[in-house]
Amino acid sequence: MMGAADSGIHKEEAFMTFFHDEAHRQNVLHCLRKKNRIYPDGKADNYYLSALYILLSTKNDLYKKTRRFIDGKSIDFEKMLSTQDFPSSEKKLIKLAANLFNTSMEISPSELINTLDDENFQLALQAIFLRRTGCHVRDLLPAVEAVPELEQEDDEEMERY
């Protein structure tokens with residue numbers, strides 16, 4: 001069996017690429033901070049992180065349907081599913097989030113493999129990865145790649161003077 005190190009995938013690279021967009025990243029970071037789910041050493045709570053990663057996804061605006069069921073002490077998955085109408089794939093993702101959070105709901109790998117589209121399957125895999133490995137909150141922040149651009153801007157400004 002090939003592990004992340006054997007495959008050439010680094011822990012940071014594996015989950016940084018799967019946020020749907022910047023709003024997804026910000027939703028997760030904001031909720032972790034607001035719910036006090038970042039430990040003093042900067043590590044995010046694995047249980048909340050993996051569940052929030054799914055529930056606050058911007059794909060199909062899932063976060064708009066789920067965020068009101070999240071509080072600092074728990075996530076009410078039962079109420080979420082009973083009071084809200086979700087498509088089949090979103091129900092499966094919510095069940096996975098519940099399982100990763102506190103094992104309150106069951107879902108089989110076959111259900112995920114056989115029914116989720118590629119993007120939702122990647123979301124599920126990433127959440128499982130985050131639950132297993134966790135991460136430091138700094139690893140959830142966007143990478144700063146502006147150094148070459150700054151140098152170029154400085155050169156352009158120097159040419160104007």
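Predicted model: local features only at pLDDT ≥ 70, side-chain atom pairs only at ≥ 80, totals over all residues.
**Entry 1: helix H9**

Next I checked the length of H9, which covers residues 118–133. At 1.5 Å a residue, its 16 residues should span 22 Å, and I found the end C-alpha atoms 22 Å apart, so the two agree.

Then I asked which residues of H9 are buried. My list reads Asn120, Leu123, Ala124, Gln126, Ala127 and Leu130. Looking down the axis of H9, I saw these buried residues fall within an arc of 165 degrees, so they line one face of the helix. On the other side of H9 I noted two exposed residues, Asp118 and Arg132.

**Entry 2: Tyr47**

I moved on to helix H4, residues 46–55, where Tyr47 has its place. Is Tyr47 buried, exposed or partly exposed? Its relative accessibility is 41%, so I put Tyr47 down as partly exposed.

I also looked up what Tyr47 touches beyond its neighbours within four places in sequence, and wrote down Leu100, Phe101 and Arg131.

**Entry 3: the largest nonpolar core**

Here I wanted to know which residues touch the most other members of the largest nonpolar core. The core has 40 residues, and the answer is Ile75 and Phe77. I then listed the elements that give two or more residues to this core: helix H3 (22–34), H4, helix H5 (62–66), helix H6 (77–83), helix H7 (88–102) and H9. I jotted a general note beside this: in soluble globular proteins, nonpolar side chains tend to be buried together.

For Ile75 I went through the contacts, leaving aside neighbours within four places in sequence. They are Tyr48, Ala51, Leu55, Phe69, Ile70, Met80 and Phe101. Phe101 was already in my notes as a contact of Tyr47.

**Entry 4: Thr58**

My last stop was the loop between H4 and H5, where I found Thr58.

What does the side chain of Thr58 make a polar contact with? I found the side chain of Asp21, at 3.0 Å. Not counting residues up to four places away in sequence, Thr58 touches His20, Asp21, Ala23, His24, Asn27 and Tyr63.

Conventions: Residues numbered from 1 in each chain as written. Heavy atoms only, no water. Helix = DSSP H or I, 4+ residues; strand = E, 2+ residues; numbered from the N terminus. Expected span 1.5 Å × (residues − 1). Buried < 20%, exposed > 50% of the residue type's maximum accessible area, 1.4 Å probe, protein only. Arc of directions from axis to C-beta. Contact = heavy atoms within 4.5 Å. Core = buried A, V, L, I, M, F, W, Y, C linked by side-chain atoms within 4.5 Å. Polar contact = N/O pair within 3.5 Å; in protein donor to acceptor, adjacent residues only side chain to side chain.
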